[in-house]
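Definitions are given where a term first comes up.

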Amino acid sequence: MPRQIPYIIANEGCERFSFYGMRNILTPFLLSTLLLFIPISDRTTEAKHVFHTFVIGVYFFPLLGGWIADRFWGKYKTVFWFSLIYVAGHACLAIFEHNLEGFYLGLALIAFGSGGIKPLVVSFVGDQFDQTNKNRAKVVFDAFYWIINFGSFFASLLMPLFLRDYGPAVAFGIPGILMAIATIVFWAGRKKYVHVPPQAPNPDSFSSVARTALLARAPGQSRPGLMVAGAGAVAAVASLCMTPSWGFVIAACTALVLVLAFGGIGVSMQLERARGQHTDAAVEGVRSVLRILIVFAMITPFWSLFDQKASTWIVQANAMESPLLSILGWEFKLLPAQMQAVNPILVMLLIPFNNVALFPLMRLVGITPTPLRRMGLGIALSALAWVVIGMIQLWMDGGDKVSILWQLLPYALLTLGEVLVSATGLEFAYSQAPASMKGIILSFWYLAVTVGNLWVLIVNSGVKNDTVGAWIAGSGLSAIAFQMFFFAAFAAVVAALFALYALRYRMVDNYRVSAPPSFCYPATDKKEG
């Protein structure tokens, strides 16, 4: 096992404590403190809007961080400098606890800093391995995901108590201290890391091949791919024009989705035209990336469901009964936000259970637990979790008092789905990405979370429409129950489509052939470190 791995794992544990520590108390804080000036009937909707807008930012900025790392600074420098911005954002949350503009500035800085480093730490782990020890990479990726949930568990358990007993300054300040520690730990291992230098400008890069494919002419043929990409650009402009009625976040994110979707389709239609001007390997690399992006696109509904456990599920828990519990003579009642601690503790149990028991059993009966099979099953389980949470909501809407402990079942189903989708996705994304695009392809993996939260904002906005609201009321369901069953159906349909696509997907192996020296630097900068 590479000796530098413990520094990266420790950094990730502290960083995840800081992130989940503030994220898991964000909705309760907004409802109880920051948004009190909003009428109570609109406060829940606004809190969910703020929360999911923040998450969209966190998972959008990996595009920027991945690009900077791949082209200019390399992964180590990018992670370090963005971490300092991250720490500054935590400081703003602690200082501006009653100032709307200052608090939102803190959220923006955390989204920028956290998003900037998010794809790079994962790919930085992968850089520490090559063909000689890649068999250990899966163990480390699982350990990586385990430590994420170790930090998340204690953050989810403790931060709601600190918010209740000591106020928001302390509750948001402690995660800031943990992020500062994470940055120091990461810096301490700088001389032990494998530093893969940023790539020089590549005439056969993804964007160059894609541009050639779209613009190239073929004798006697039109350019249908260019027309499709152009239609996407026009649709994106139309989306931006809807900003006054949709809001900037929905309009801008929808425009981005349209550009990527139509542009990708257009490139795939004319990709063969790039041969000759670019190497066969470059053309096949673009084809591989486009196939990966289809997988990422079909995972977006899972993130729609998963991230709402920190918004919609907390709102539901606020209306539930919390029974008096006793452990070793200590009596307590669970706070609604503390239910999120169920997720990471189950992850820490399920990851080793899957590796030791479930996957070997599947192999024993002749079923190979490939990454795509695991992810498809995870999406289906998340849909089932939302069917259960919707049934609980119907129970509550009937006027019965329901214990908060009933949420344990949907949490268990959603967590099993998370382990199969998210932990597997990290390994899948790194192994399938061409060598020159690992940072960017992992950025697209995180962009899938942005799109998932975009679906949440769109559905929430749709429910507020008078026509849609009247239709829901006529169905006999409450608005929250309708959304729960809608998202369950959304994920179930996509899980079926995912299974069909997985049958046709051809896996590739893009780990490095051999390890570089213990550390190497770009030719232009040999003094740093």
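## Salt bridges

A salt bridge is a side-chain nitrogen of Lys or Arg within 4 Å of a carboxyl oxygen of Asp or Glu. By this criterion the whole structure contains 10 salt bridges. The structure is a predicted model, in which local features need pLDDT of at least 70 and side-chain atom pairs count only at pLDDT 80 or more, while totals for chains, interfaces and linings use all residues. Residues are numbered from 1 along each chain as its sequence is written, and side-chain values use heavy atoms, with hydrogens and water left out.

Arg-16 pairs with Glu-12, with 3.9 Å between the closest N and O atoms. The two are four residues apart in helix H1 (residues 5-23), so about one helical turn separates them. Helices (H or I, at least four residues) and strands (E, at least two) are DSSP runs, numbered from the N terminus. Both Arg-16 and Glu-12 are buried; buried means under 20% relative accessible area, exposed over 50%, and partly exposed in between (1.4 Å probe, protein chains only).

Arg-23 and Asp-307 form a salt bridge at 3.2 Å, N to O. This pair links distant parts of the chain, 284 residues apart: Arg-23 is in helix H1, and Asp-307 is in the loop between helix H12 (280-306) and helix H13 (312-318). Arg-23 is buried at 1% relative accessible area, and Asp-307 is buried at 2%.

A further salt bridge joins Lys-401 and Glu-321, whose closest N and O atoms are 3.8 Å apart. Lys-401 lies in the loop between H15 and helix H16 (408-432) and Glu-321 in the loop between H13 and S1, so the pair ties together parts 80 residues apart in sequence. Lys-401 is exposed at 69% relative accessibility, while Glu-321 is partly exposed at 40%. Salt bridges with shared partners also join Glu-272, Arg-275, Asp-280, Glu-284 and Arg-287 into one network.

## Overall fold

The chain has 19 helices and two strands. Its radius of gyration, taken over C-alpha atoms, is 23 Å. The C-alpha trace spans about 70 × 55 × 55 Å along its principal axes, and 53% of the residues count as buried.

Contact means heavy atoms within 4.5 Å. Among contacts between residues at least 6 apart in sequence, 82% join residues at least 24 apart.

## Confidence

pLDDT is the predictor's confidence in each residue, from 0 to 100. The chain averages 86, and 94% of the residues score at least 70. Among the elements, strand S1 (residues 325-327) has the lowest mean pLDDT (80) and helix H9 (residues 224-241) the highest (96). Over residues 515-529 pLDDT stays under 50, and the model has 22 contacts beyond four places in sequence for this stretch.

## Selected residues

Ser-382, in helix H15 (residues 371-397), is buried with a relative accessible area of 0%. Not counting residues up to four places away in sequence, Ser-382 touches Phe-302, Leu-305, Leu-414 and Ala-491.

Ala-255, in helix H11 (residues 248-270), is buried at 7% relative accessibility. Its C-alpha atom is 4.0 Å from that of Ala-236, 19 residues away in sequence.

Conventions:
Rg over C-alpha atoms; globule rule 2.2 N^0.38 Å.
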